[in-house]
Amino acid sequence: MDYITLIQLLDSTVRLATPLLLACLAGLFSERAGVFDIGLEGKMLAAAFFSAAVASLTGSVWLGLAAGIASSLALSAVHGLASITFRGNQLISGVAINFLAAGMTVLIAQDWFAQGGRTPSLFGGARFEPITLPFAEAVADVPFIGPFYEELISGHSILVYAAFLAVPLTWWILFRTRFGLRLRAVGENPAAVDTAGVSVVGLRYAAVAIAGLLCGVAGAYLSTALQAGFVKDMSAGRGFIALAALIFAKWRPWYALWATLLFGLFGALETRPDVIQSVIGIKVQGQLLGALPYLMTVVILAGFVGKAIPPRAGGEPYVKER
Amino acid sequence: EPALIFDLGGKFDKSFNEAAFNGATRWAEETGGKFAEIEMQSEAQREQALRRFAESGANPIITMGFAMADPLSTVAPDYPDTKFAVVDVNWLDLPNVRQVSFAEHEGSYLVGVMAAMASESNTVGFVGGMDVPLIRHFGCGYAQGVMATNPDAKVIANMTGTTPAAWNDPVKGSEITKAQINQGADVVYAAAGGTGVGVLQTAADEGILSIGVDSNQNHLHPGKVLTSMLKRVDVAVYDAMMAGEDLEVGEVVTLGLAEEGVGVAMDEHNADLVTEEMKAAVDEARQKIIDGEIKVVSYYENDSCPALDF
Amino acid sequence: MDVMPKWAEVILVPLISLLLAALLSALVILAIGEDPIAAVTLMVKGALGSTYGWGYTLYYATNFIFTGLAVAVAFHARLFNIGGEGQAMLGGLGVAIAALYIPWPHWTLALIGCGVMAGLLGAIWAAIPGWLQAKRGSHVVITTIMFNFIAAALLNYVLVNVMRPPGSMDPASARFPEAVHLPTLHELLAPLGIAFSKSAPANVSLLVATAACIVVWLLIWRTRLGYEIRAYGHSQPAAKYAGISPVRITMVTMIISGALAGLMAINNVMGESERLVLNATEGAGFIGIAVALMGRSHPVGVFFAALLFGFLYQGGAELALWTSIPRELIVVIQALVILFTGALDNMVRMPLERLFLMFRRPGPLPIPLTASPNPAPAAPSRRARNEPLYPLRKRV
Amino acid sequence: MTDTAPATGTAPAIELKGISKAFGPVQANKDISIRVMPGTIHGIIGENGAGKSTLMSILYGFYKADAGEIFISGKKTEIPDSQAAISAGIGMVFQHFKLVENFTVLENIILGAEDGRLLKPSLSKARKTLISLSEDYGLNVDPDALVQDIGVGMQQRLEILKALYRQADILILDEPTGVLTPAEADQLFRILGRLRSEGKTIILITHKLREIMEITDTVSVMRRGKMTATVKTAETSPPELAELMVGRKVLLRVNKKPATPGDVILDVKGLRVVDDKGVERLRGIDLQIRAGEVLGLAGVAGNGQSELLEVLGGYADGTGSVTLNGTPLDLSGKKSDGQSRRARGVAHVPEDRQREGLIMDFQAWENNVFGYHHDDRFNSGLLMDHAAIRADAEDKMERFDVRPPDPTLAAKNFSGGNQQKIVLAREIERNPDLLLIGQPTRGVDIGAIEFIHEQIIALRDQGKAILLVSVELEEILALSDRIAVMFDGQIMGERAADQTDEKELGLLMAGITDTENEHSVAEVEANLARAGGDASKEV
Ligand SMILES: Nc1ncnc2c1ncn2[C@@H]1O[C@H](COP(=O)(O)OP(=O)(O)OP(=O)(O)O)[C@@H](O)[C@H]1O
Ligand SMILES: Nc1ncnc2c1ncn2[C@@H]1O[C@H](COP(=O)(O)OP(=O)(O)OP(=O)(O)O)[C@@H](O)[C@H]1O
Ligand SMILES: [Mg+2]
Ligand SMILES: [Mg+2]
């Protein structure tokens, strides 16, 4: 495998990892606050649809992004209502949200566009275009560093940069701010937060809302940056992979970055059987290739990652009086 | 009143089922008739839909996809007075069923010829949806066309996945396309349902040519889709509905190039892309296939492909 | 003790929740320009109005009972088995192998043989994640998700490259021989003089599923193993104190769970399609999660939740047949049912509890919690049993 | 109600009027009124479940009262949440600490009381304040330690510091000494005295009458949700308080005959245990227990007592030799689990009944066979014999006077004392050769303590061997025939119970073996801090 192939592979990794990363961070905020969220998939899907739909209707991708985030936030509100206010089962709520998004997106799409649950193709200002960073063209020919900068670092949509910036930001918020301290505390011991005079409900809603925001961006990225429109079920299980990455990352922001990049890399490798062949020397059979990312995950999980301890109050509603 | 049963992909899959839907719609518009329809949601519904329509007196009942063969073989004998048509099936022996199959490998061969001629890098791509024999069948014909035209060419083939999600993952389709471009492909043929949307989009974005499938997809990205491999499911459905109660059953119809059941799409959207030589080559290949001078090997013959390794 | 009488908890709350879900669904149907009353009538008639409808409803319900039980059993040990889908796929493979390669003399033997194979392969597919969890600490949620994908790839390989009859376009196994044909409800009930639709796929597996409910109930609430599973699920330190081995419980629970999911194959693969198709499980493994959650991990709850989903599936199919309502509507209705009966149930319960409490003025603490003036109180113990005054609601 | 104001004219620091609170059908507090004068320590006693914690939680804004008014320094104050309580100068140390386990001490201090949106300034300010507070009050804590790694004593100091950091004038402590060693308790009381002298008002809930007599100015007694009496401490006596509390006369001393030890039942030689972090927890333990005697194991929490119980109970591995009735016990491998130990006649009342001894969500009758569920008596064929188990449970609950005697009640719905009785009944009634028993009366009210102590002595008198672990020196002294003291994974010394006293044991607990000589307080405290510092396993 030559250098440029490696760069291409990593480039693909970055694109595939971005929606996972955003969804993973979304789950991180929510679960760190003690609210499990298996509805990442549904929120992402809803956002993918609404951002594409509104972008297509208005011609503005930014309005689309806003609509995508709004729809994801609305589902977050449902999740909050069920699991925070009414202390319902967080897993059931998440399952319901996934179903709701899968059904509603197609229903509405069909109602609005009558294109079989699809939005019209987006073009021009209705899409996020790749951004060429300064000097990218200029340094392209510099050996080694040139392709690295031009191919890998430059040339992504703004949402990719936003996703990667979200990692240090998340870390900073969680570990360097008052809000983060309280948010982590409420996921570990809500009673401690309550008796310290801080609203458990308020914090959890805030966390769930942030999760909605990030899922919204992830969905918008799928349909308006990676793609030029919505196709039904286009989240294709990425929310679940993000969830796996979150556990993999042991609920930590930087680990989340590495975990999602790893999943991204596996995905990228799957599209490059030639690379795998050149590395291991034999042609990988088709279906095995498809299973490879998942097999690798299991192997890594079993071999190198120890026990992951979730936030202690995770999944449990905060009940003071029975 | 005729009834139409779509396969799992749903009637708006932008290819196979949608073509059937278009044919039925055309019939409805022209005749003012109405037809019943259902989109399959689960395997158990296949038999159910057949029976329910048969019992309600629908005739003929047109069903889509090879997966209907098995349910049909149990249901059709129970309703001898009902006429059935099934698309993509040719191995049943039932007196009241009309079986229509297409020579997709022949059509794919032709687009392969065009791809090979349009390619400057001598590398072309194929993106399949879910890894099933039918898709390999498409890819196999395509690869034969490519190799026959340019023996030095390279065909890169990828499948999107092994679950039904593979039909609706444009993001992955897009990534596969980029990977193929990175390996030098400058024409890619998508036979992947909703995933194909991503393939065509990315090809257009990255400035390479793409080839659509089943329906005419040239208009999706005018000037960027080289052609589409047409599979005239719409015609088959339209004809069956037109025939109505007089539908001829008990026979197996194979629609190939000769019958214009499959072909390449030429229209104003790709006129600039198709050179005279290309046209000539395609016409010549078509004729030779019809005449039997060229034999395009079907993947089904011995579950393998002479031109491509899956 | 509960604030509400048991009937209110068991019947009233779910009923009101269902009504709320129905109301919202009706609004959605209205919004897409259809007639909700007609739609509901069609669903109910289509799913419950004939033996034919029942036959399909029960067929789907059978699938969901198996996968629902699978998830429920694991839940009791606080293991979240999301791998029902993959385990059911493997179960299908087991059925196909047993049915195709062993000449069965009679369907009863075939049912046992194929069932064992299905359970075995499903169990293996769950045992690996179980082992990884017990020994390596790999979170069972991730590994079972991964194993779903791996199962899909494996099944695809087997069907496309191995089991598919040569030259067949269909990525499916050959049809099973006539001897392994399972009697449908029609065939089972005919000798009893009960007419049942001939064409519905519900079959003898329904009885197996019902039996599985009973067996699981016995297992969880009547056997030592079930006792240990529940104890382990409630408190791992306590389980350790009692000498309950975490490794053993994790493994055994996952094996039982996987076997139940795998067993689903006797219904859809052996009973219905009578061959193994690629898409055989079609999401029943995931529906099983919803079913288990809604059934509160209790076999009786699972049974009824499975029936509800069976109804939605079959009613939805009828809607799809006779109206132009998109099939996604059914998905939305399912979502609303899950949401209201499963996650927002407290929205109904809380006001109801307040209502019931209004009719029952709280009294003083009637039972001293420690020693009382008269140290040999035989009488209060009886009284206490009849009118307990302590919050007793079981939380799941 | 007696007016206990030291100086007439000053408004009470706290006045509650007509407080009522129901949890669903349970009336936890009924029309409670109470006044606490500033600068005093006010004790509250009452049986388990009398409603003490509930009342204080209402004052702290954790629960909302159904009826009643709260006056702070004479002013009517609404306390809808804890924020309001904190603003009103109230601080509370809950019975079950409200700490975030994987946060540092400092983070726990500032949680909810941060200045500004960023943590850094808050943390450095808190560090400074913490250091000065620690110095002022002798509340020694390590600001950077994780809460999960510090002992309960330090956790409690942290809770007090939290209140002081928020400048509380009124401090509520709910059963603060339940988890403390006598030395730690003494230290706590010194601090409380100090706070009182500074004019702060303190409410102290406790089950220990000795503490009430020692430190409070006034004391209120609660019973079944009502306030039954408030008296000046100086004008009452422990027997009177006990009677007010329980409603009958309570024996405050254990009556026991001298022991008549028989054969050696348990013989431990060179027992070592290494925990999963690689720390050696037991460093060569030798001890013997004979039939018909109680060996008390004293020590500051976290010095290896828990590990000893765990190894003997069969759920931790160790090396060395342990024989029971002359036959070796397996210490690692297949035959060392709770089940095999029980089969060998070892019964075990674990230190933490809620975490280990009971499944809190199981009903009482199910808990009645926990660990013994494989017993033939409770099974018929493949299935468990529920009728037999239930009958057995009813029988035990009656004999152990478990209230309410309802076997279908979930364990979590019994008070601590009654939970403990359920565990005791299960373990004792198995007629074991050896009973391991940890913290038998932690958090249990005096009525129940009396009962539990009687049961332990009765078992001894039946000729059983008993290993008693307790952080209550008083309890150890009252029940044991011989006392061994543990320090840092080793046994510091062994004394006959009637030939030693708290002072000598206290020195041994601090790792000082030459108990004849005088030792400075500083020396003892330094040693204690060392022992307490790595007390991470306890509770
Ligand atoms: N959060 C709660 N929800 C429902 N009921 C409760 C709750 N907390 C306490 N109770 C009930 O209120 C009663 C009083 O409990 P409380 O905790 O105030 O007792 P206590 O006097 O502090 O007992 P202890 O000495 O055991 O600490 C109990 O009997 C219990 O039934
Ligand atoms: N949330 C709750 N719901 C119902 N009952 C409760 C709740 N919290 C406490 N109780 C009950 O209140 C009573 C006293 O509770 P509390 O937690 O103060 O005591 P405990 O810790 O169980 O006992 P102890 O004080 O003896 O350690 C017990 O009967 C307990 O079961
Ligand atoms: Mg209390
Ligand atoms: Mg208590």
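Reader: What share of residues 140-160 of chain C is helix, and how far apart are the end C-alpha atoms?
Author: In this predicted model, residues 140-160 of chain C are 100% helix and 0% strand, with end C-alpha atoms that lie 29 Å apart. UniProt, in an unreviewed entry, lists 140-160 among the spans of chain C given the feature "transmembrane region".

Reader: And what about 329-348 of chain C, how much helix is there?
Author: That span, which the UniProt entry also places under "transmembrane region", is 95% helix and 0% strand, and its end C-alpha atoms are 24 Å apart.

Reader: Switching to the chain pairs, which two share the most contacts?
Author: Chains C and D do, out of five pairs of chains in contact. Chain B and chain D, on the other hand, do not touch, and their nearest C-alpha atoms are 39 Å apart.

Reader: How many residues are in contact between chain B and chain C?
Author: On the chain B side there are 38 residues, in contact with 34 residues of chain C. The area buried between chain B and chain C is about 3300 Å², and carbon and sulfur atoms give 53% of that area.

Reader: How many salt bridges are there between chain B and chain C?
Author: The count is four salt bridges, and one joins the side chains of Arg275(C) and Asp70(B), at 3.2 Å from N to O.

Reader: Which element of chain B supplies the largest share of the side that touches chain C?
Author: H2(B) does, with eight residues. Counted by type, the residues of chain B on that side divide into 16 nonpolar, eleven polar and eleven charged.

Definitions and conventions. Residues are numbered from 1 along each chain as its sequence is written. Chains are lettered from A and ligands numbered from 1 in the order in which they are written. This is a predicted model: local features need pLDDT of at least 70, side-chain atom pairs count only at pLDDT 80 or more; totals for chains, interfaces and linings use all residues. Side-chain values use heavy atoms; hydrogens and water are left out. UniProt positions are given in the numbering used here, feature names are shortened, and annotations may be inferred rather than shown by experiment. Helices (H or I, at least four residues) and strands (E, at least two) are DSSP runs, numbered from the N terminus. Contact means heavy atoms within 4.5 Å. Buried area is the accessible area (1.4 Å probe) that two parts lose on being put together, summed over both. Ala, Val, Leu, Ile, Met, Phe, Trp, Tyr, Cys and Pro count as nonpolar, Asp, Glu, Lys and Arg as charged, and the others, Gly among them, as polar.
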